[in-house]
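Hello,

Here is the structure I promised to pass on. My notes on its salt bridges follow below.

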Amino acid sequence: MNLVHGNIKQIYLKYLIASFGGAILPSVYGLVDMIVVGQYHGPLGSATMAIIAPIWNVIYSFGLLTGIGASILFSIQKNSKENANEYFTMGFILTTVIALVLWLLLIFFEDAILITLGADKDLLPLAKQYLIPVKLSVPIFLFMQFFAAFLRNDNNPMLSTKAIIFGGIFNIIGDIVFVFTFNLGIIGAGIATCIGASFSLVIMLSHFKSQHNTLRFIKTKNIFNKVKQIIVLGFSTFFIDIAMGILTMLFNIQIMKYLDSNALAVYGIIVNISTFVQCCAYGIGQASQPILSTNFGANQFNRIKELFKYNVVSLIILSLAWVIVTMSFPNIFVYAFMKPTIDVLEIAPTIIRLYCMSFLLLPFNIYATYYFQSILKANIAFIIAISRGLIISGGLILVLPMVFSAQSIWMTMPLTELIVFIFTVIVIRKSLINR
């Protein structure tokens, strides 16, 4: 498929179908785990999954850091296969090193990490049970993200999607079997997730035997410079997920300080819905990234503008769909994710409706980081990522409940997305006008 001269709409739709599935299906792991654990353990299980959520954010974010950063550089350097594969090789080595560090941290500092994330004496034992199989499988999840990014940039996006679909299907079936049939509870959810991810990775690795494959491990020059380039370009996407983990931790702490565990259980539901919406936005960004990067490298700026129009239409549809669903049927999510108590059912609709107003603007702000990464404007992508992911959102979650009421916590993300959206629209408009 010719990304520089082919029909831009057809190319985008093909990549969107492949990338959308590949982006959202990893979040299915968390969604299904949350549902079965909530149904098995009740609100306590849902609260436990909210505690664990930042750990997944950290693991996936490092996979995105190396995968997105290295694959963008690989795509821009495609005219020289040797130069391109130096970035693939360096990205793989960097992923390996990071995976080993995270692996050791989770094994040796598990209790300290969980307590820092907000676990108390009731939640800590459940969280540790879930993490038993996860601690054995940390590198698998990083390499899943890494190879998914490279398959999209090596003309084989559908294999990535098929791999994650297969793993996701196993995860769903495995959750039901391990948690309920074998009566393993929360540890069964962890086992199903890890086995499903392993299957996905094995399928992705079959790309190396396909006719599409141009990926090669080669001797790499200027190692430190390439590591720097990969980290700089991938950092914004990385920070989106890592910041979500930090933000989830802040929410956990503030909710337990100003509200109670019932509110935390509802927030556990929101974390999973928000992660899914964010992954939908990833799908649009990841579908656009190879096309944007390749055309940017070929100085085809009119094609970039044309693609941007299709992106905006996709983002509007995505935003409206999720806002309508969450505003209209909040308690459907409550019943889906847990066996709710009367207290939970009373507070959930207000909490979900307030927080989920942010979904109107979240997809566009997420997409903007991919857009600026793809045209080598990593500084702007970083500003967007750090503003919405930590600076503005973190400040608001600390200040709002002190200045207003405890319920104002739930307005943190709608206000954050609005502020970031205004900035993003201004800078994207300038970038398009100047081309």
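Lys 128 is partly exposed, with a relative accessibility of 30%. This is a predicted model. The salt-bridge partner of Lys 128 is Asp 111, and their closest N and O atoms are 3.1 Å apart. Asp 111 sits in helix H4 and Lys 128 in helix H5, so the pair ties together parts 17 residues apart in sequence. Asp 111 has 34% relative accessibility and also counts as partly exposed.

Glu 110 forms a salt bridge with Lys 135, with the closest N and O atoms 3.1 Å apart. Are they buried or exposed? Glu 110 is buried, because its relative accessibility is 8% and the cut-off for buried is under 20%. Lys 135, at 18%, counts as buried too.

Next, Lys 121 and Asp 122. They form a salt bridge, and here the closest N and O atoms are 3.6 Å apart. Lys 121 is exposed, at 70% relative accessible area. Asp 122 is partly exposed, at 40%.

There is also a network. Salt bridges link Glu 86, Lys 221 and Lys 226.

How many salt bridges does the structure hold? The count is six.

Best regards

Conventions
Residues numbered from 1 in each chain as written. Predicted model: local features only at pLDDT ≥ 70, side-chain atom pairs only at ≥ 80, totals over all residues. Heavy atoms only, no water. Salt bridge = Lys/Arg side-chain N within 4 Å of Asp/Glu carboxyl O. Buried < 20%, exposed > 50% of the residue type's maximum accessible area, 1.4 Å probe, protein only. Helix = DSSP H or I, 4+ residues; strand = E, 2+ residues; numbered from the N terminus.
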